[in-house]
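Visitor: I am new to this one. Could you show me how to read it, feature by feature?

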Amino acid sequence: MRKTEQNYFGLYFLLAVITVYIIIAIFKPTVLTPIFKFLILMLKRIIPILFVVFVLMILVNYFVSPKNLLNYLGKNAGMKGWLIAIIGGILSTGLIYAWYPMLNDLQKQGVRNRFIATFLYNRAVKPALLPLLIFYFGLMYTLVLTVVMVVVSIFQGIIVEKFSEAKT
Amino acid sequence: MELKQAITKSAKAMYRSLPVIAAVILLVSLVNGVLPKTVYSALFFKNMLLDSFIGSLIGSILAGNPITSYIIGGELLKQGISLVAVTAFLVAWVTVGVVQLPAEAVLLGKRFAITRNITAFLFTIIVAIITVSILSIL
């Protein structure tokens, strides 16, 4: 998909969702109250995260050259690549779509899809939220689930790359 | 790369992504606002595979802060829903994103997004079964 097509798709997508809101507002306006309450909560959460992501994007663009990235997460990346993808995913915070612009940028710089997929999968493991998970499900459950997910993320990365880059 | 260049490049990338991000936020709010939390418990059965599949399916459709999924998951457990179903629900909540699939497809590639989400969905069931199996041995 070319850059202009990407821009238009985004706008069409946004217009389609706004249209659904308008339809609801006309036919069942009361439904919008809980939706807007949730929307405000989400915006409060995502705006600071988007700002953090923007700063990180600047830092990545400033400090990390495409050559370095290609070495760590490119074609010749080995264990270091996996480690960076796993730790990066675990340490990343916020909603998943806030990270897409940065990952899109990295993808364009030659970062392998396996590492992007592994990064995204490991976003499920959140150290800050572990106390809450332990509270609800226990320490052993939390430990086992975390380890299983980290291991599975590597397999997912390999499979995603294999299929997403396969020639049609 | 100079700092000014880095800022301009990042700003352009962020600007290109904003319509998609805004659309996804609106869509997630719509789904979460319309679907009451009590609906979830009514959807589960007492079958390990079927429940993990349903748990994964619901977790895939919904998105948002994992805290919400922990709270719902904890409540589902209290209501007698199996651990394997709840695990699948928790894992799918954060690893599969049906709602944000269009955004992912636009920014990371259609093929990448579809493959990643399908495999994440399948792995969710596998992760749930492995986790619960290990716990039953320990």
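Predicted model: local features only at pLDDT ≥ 70, side-chain atom pairs only at ≥ 80, totals over all residues.

Visitor: What share of the residues in chain A is buried?

Guide: Burial is judged by counting neighbours: 20 or more other C-beta atoms within 10 Å make a residue buried. In chain A, 35% of the 168 residues are buried.

Visitor: Which domains is chain A divided into?

Guide: There is domain 1 (1–63) and domain 2 (65–168). Where they touch, 8 residues of domain 1 of chain A are in contact with 8 residues of domain 2 of chain A. The domain 1 side of that contact has 7 nonpolar residues, no polar ones and 1 charged.

Visitor: Now the two chains. How many residues of chain B are in contact with chain A?

Guide: Look at each side in turn. Chain B brings 58 residues, and chain A brings 57. On the chain B side, helices H1 (3–34), H4 (66–78), H5 (83–95), H6 (101–108) and H7 (110–137) each supply at least two residues. H1(B) gives the largest share, 24 residues. By class, the chain B side splits into 37 nonpolar, 16 polar and 5 charged residues.

Visitor: How do I describe two packed helices?

Guide: Two numbers are used: the angle between the axes and the distance between them. The crossing of H2(A) with H1(B) is right-handed. Their contact has 20 nonpolar, 5 polar and 1 charged residues.

Visitor: At what angle do helix H8 of chain A and H7(B) pack?

Guide: H8 (residues 139–164) of chain A and H7(B) pack at about 150 degrees, with axes 8 Å apart. That angle makes H8(A) roughly antiparallel to H7(B). Their crossing is right-handed. The contact of H8(A) with H7(B) holds 18 nonpolar, 5 polar and 2 charged residues.

Visitor: Can we zoom in on one residue? Which residues is Leu135(B) in contact with, leaving aside its neighbours within four places in sequence?

Guide: Leu135(B) is found in helix H7 of chain B. Its partners are Met140(A), Tyr141(A) and Val144(A). Leu135(B) counts as partly exposed because it has 18 C-beta neighbours inside 10 Å. Now compare sequence with space. Leu135(B) and Ser69(B) are 66 residues apart in sequence, and their C-alpha atoms are 21 Å apart.

Visitor: One more pair. Which residues in H5(A) meet H1(B)?

Guide: Start with the geometry. Helix H5 (residues 100–108) of chain A packs on H1(B) at about 125 degrees, with axes 9 Å apart. H5(A) and H1(B) are therefore oblique to each other. Their crossing is right-handed. Tyr100(A), Pro101(A), Asn104(A) and Asp105(A) in H5(A) meet Ala13(B), Met14(B) and Ser17(B) in H1(B). This contact of H5(A) with H1(B) divides into 4 nonpolar, 2 polar and 1 charged residues.

Technical notes:
Residues numbered from 1 in each chain as written. Chains lettered and ligands numbered in written order. Buried ≥ 20, exposed ≤ 12 C-beta atoms within 10 Å, placed from the backbone. Domains from an automatic or database assignment. Contact = placed C-beta atoms within 7 Å. Nonpolar A, V, L, I, M, F, W, Y, C, P; charged D, E, K, R; others polar. Helix = DSSP H or I, 4+ residues; strand = E, 2+ residues; numbered from the N terminus. Left-handed = near helix turned anticlockwise from the far one by under 90°. Axes fitted to C-alpha atoms, helices over the stretch in contact; angles between N-to-C directions. Parallel < 35°, antiparallel > 145°, perpendicular 65-115°, else oblique.
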